[in-house]
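The exercises below each set a task and then work through a solution step by step. Please look over the sequence and the structure before starting.

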Amino acid sequence: MEGLKPSEQLLSQARSRPRLHEVIPPLIMGTATFNTQYVADPFDLPAASIVGRALDLGVTAFDTSPYYGPSETILGNALAHPSVTSRHARAAYFLVTKAGRIAGDEFDYSPAWIRYSVCRSLERLHTPYLDLVYTHDVEFVSPPEVLAAVRELRRLRDEEGLVRYVGISGYPVVKLCELAAMVLRETGEPLDAVLSYAHFTVQNTTLGSADDAMRRFAEAGVDVVLNASMLGMGLLTTRGADAGPMAHWHPSPEGLRQACQDLVPVAVEAAEKLEVVAIRWALDQWATTGAARGTSASRLPADTRVGVSVMGISNIAELEETCRVFNSVIEGLEPDSPDADLMNRRQWSRDRRRKIQAVVEKMWAVLGTWKDYSWDSPGPGFFNTRKAADVGVTPDDGVLTRHEAKIAAQASVDGVPAML
């Protein structure tokens, strides 16, 4: 794009972008954990070290949201830290955030708020553009509100070059399917991405247990379907949701929490830990189940796609273990090779897959009717606390003023003839 002015470069990149599945990495580091819901003081996390290590290990995508407390700020400061910027350019990583959810029971999907949220995210993340933006937790608002927000994100993509890809996120799989179809029907353009969480886990396989959901996403033209929250927001851990950081707000009923705790001895009997089984199973199975709506993996043949997973990380040890497991999953998909060591690792991965599957099938028997159970979202009695008079009203915090000043300054620069 030599010869183009800076503002023209952003717009050119937005308009000539490849399809999402050609550029999105197969493993994304989730940073909802950079939040008081998970740790007492997220600002104490060694975020720059975690992010730098992730990039060194080849984890080049990060997922966040303004709803995750200080997550955007912490991630942005980490990415802007000299220890990271000195080794990794902005083009080397993929930034994902969300818009529309303000608080637990407050949502604003109006175009004005969506634009404000995107501009604020740009500031917090120290970036001139966002690779992918979802409308956050779409089941809490009406379909027309979702459609308006998607249209605004696409306008920011096409007219301002601030966003490259647009998607939706939420919990109920059926609702996600319906909204994806609606967007295609109403706009003639499919969504780039749909993020589903806690629906392809040891406890709940709704996203991939049958062809229905993935078939509907394909019919709606969705390019990439991502799987997040492989531990069911703490349900599938040895300590359980009740003893974890989300005990006071986890939406699952007590019966489901207890049923998931009953899986712990099943794992122990197999000389495993519940969270190890849950993560390995989800990464391994989604790599193939989600492949049709997935992305490429650098170590596999160019025409091979794998499902995209989002894994929350709060320390370097978790990061390194997740990477080790994911790399082993990919090794299990390797084609035949004369490399004997690689073939040995492939066999180990496939043997591990079989063992984990056998353990999970025993867990399904223990879960009984709780297998594939989904709680109501939104829950009974929910109402959006955003007052009608406040919809579209944005804070007077300088975010939009600074953004407009940047546009004006750039217009001034663009108006200066290039030196010969």
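## Exercise 1: a residue in a loop

Asparagine 204 lies in the loop between strand 8 (193-197) and helix 8 (212-219). The model is predicted, so that local features need pLDDT of at least 70 and side-chain atom pairs count only at pLDDT 80 or more, while totals for chains, interfaces and linings use all residues. Residues are numbered from 1 along each chain as its sequence is written, and side-chain values use heavy atoms, with hydrogens and water left out.

Task: Is asparagine 204 buried or exposed, and which residues does asparagine 204 touch?

Solution. Begin with the terms: buried means under 20% relative accessible area, exposed over 50%, and partly exposed in between, with a 1.4 Å probe and protein chains only. Asparagine 204 is buried, because its relative accessible area is 0%. Next come the contacts (heavy atoms within 4.5 Å): leaving aside residues up to four places away in sequence, asparagine 204 touches Tyr171, Ala198, His199, Asp372, Tyr373 and Ser374.

## Exercise 2: the barrel

Task: In what order do the eight strands close into a barrel, and how many bridges join strand 6 to strand 7?

Solution. Strands are DSSP runs of E with at least two residues, helices are runs of H or I with at least four, and both are numbered from the N terminus; two strands pair if DSSP finds at least two bridges between them. Eight strands close into a barrel in the order 1-2-3-6-7-8-9-12, with parallel pairing. From one strand to the next, the twist averages 30°, where angles run from 0 to 180 degrees between N-to-C directions and axes are lines fitted to C-alpha atoms, for helices over the stretch in contact.

Now take neighbouring pairs in turn. Strand 3 (residues 94-99) pairs in the parallel sense with strand 6 (residues 130-135) over four bridges, and valine 96 stands opposite leucine 132 in strand 6. Strands 6 and 7 also run parallel, joined by five bridges, and here leucine 130 stands opposite valine 163 in strand 7. Strand 7 (residues 163-170) is mostly covered, since eight of its eight residues are buried.

## Exercise 3: a helix on the sheet

Task: Which strands does helix 11 touch?

Solution. Helix 11 (residues 274-289) packs on the sheet and touches strand 1, strand 9 (224-228) and strand 12 (308-312).
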